[in-house]
Amino acid sequence: MLEVTRIIIREKGANEKNSKIVAYADITINNAIAIHGIKILMGDSGEYIAFPSRKDINNGKYYDVCHPINQEARTIISNAILNEFNKQ
């Protein structure tokens, strides 16, 4: 069973003033795996998260560094992060 056992919410950087990013989250899953740099963004219908990605220097496309494999895992992680974000 997937359990988010730790969440740290960080403010966005000063150079991201005009960005949709409102904060970043670092999480630990099952006290065993850490994921850093999950973006918390503000969209037209509220907050949502985006998992870390990297830009390919050869073609300019972004590729996921990590991401949930199924919707259940995505929902568990997203709900945990957004609940913690909204507490602050």
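Predicted model: local features only at pLDDT ≥ 70, side-chain atom pairs only at ≥ 80, totals over all residues.
Trainee: What makes up the fold, and which pattern does the protein follow along the sequence?

Mentor: The protein has 1 helix and 6 strands, and reading along the sequence gives the pattern β-β-β-β-β-β-α.

Trainee: How do you know whether Ser78 is buried or exposed?

Mentor: Ser78, which is found in helix α1 (residues 71-87), has a relative accessibility of 16%. Buried means under 20%, and therefore Ser78 counts as buried at its 16%. Across the protein, 31% of the 88 residues count as buried.

Trainee: Which residues have the most contacts inside the largest nonpolar core?

Mentor: That core has 15 residues, and those with the most contacts inside it are Ile9, Ile27, Ile38, Ile40, Ile49, Ile77 and Ile81. The elements that give two or more residues to this core are β1 (4-11), β2 (21-29), β3 (33-43) and α1.

Trainee: What is Ile49 in contact with, leaving aside its neighbours within four places in sequence?

Mentor: Ile49 is in contact with Ile38, Lys39, Ile40, Leu41, Ile77, Ser78, Ile81 and Leu82. The list includes Ser78, the residue that we called buried at 16% relative accessibility.

Trainee: Why is Asn30 called partly exposed, while Asn31 is called exposed?

Mentor: Both Asn30 and Asn31 lie in the loop between β2 and β3, and each value has to be set against the cut-offs. Exposed means over 50%, and partly exposed lies between that and the 20% limit for buried. Asn30 has a relative accessible area of 37%, so it is partly exposed, whereas Asn31 is at 66% and therefore counts as exposed.

Trainee: What makes the phi values of these two residues worth a remark?

Mentor: Most residues other than glycine have a negative phi. Asn30 is not a glycine, and yet it has a positive phi of about 50 degrees; Asn31, also a residue other than glycine, has a positive phi near 50 degrees.

Note on methods. Residues numbered from 1 in each chain as written. Heavy atoms only, no water. Helix = DSSP H or I, 4+ residues; strand = E, 2+ residues; numbered from the N terminus. Buried < 20%, exposed > 50% of the residue type's maximum accessible area, 1.4 Å probe, protein only. Core = buried A, V, L, I, M, F, W, Y, C linked by side-chain atoms within 4.5 Å. Contact = heavy atoms within 4.5 Å.
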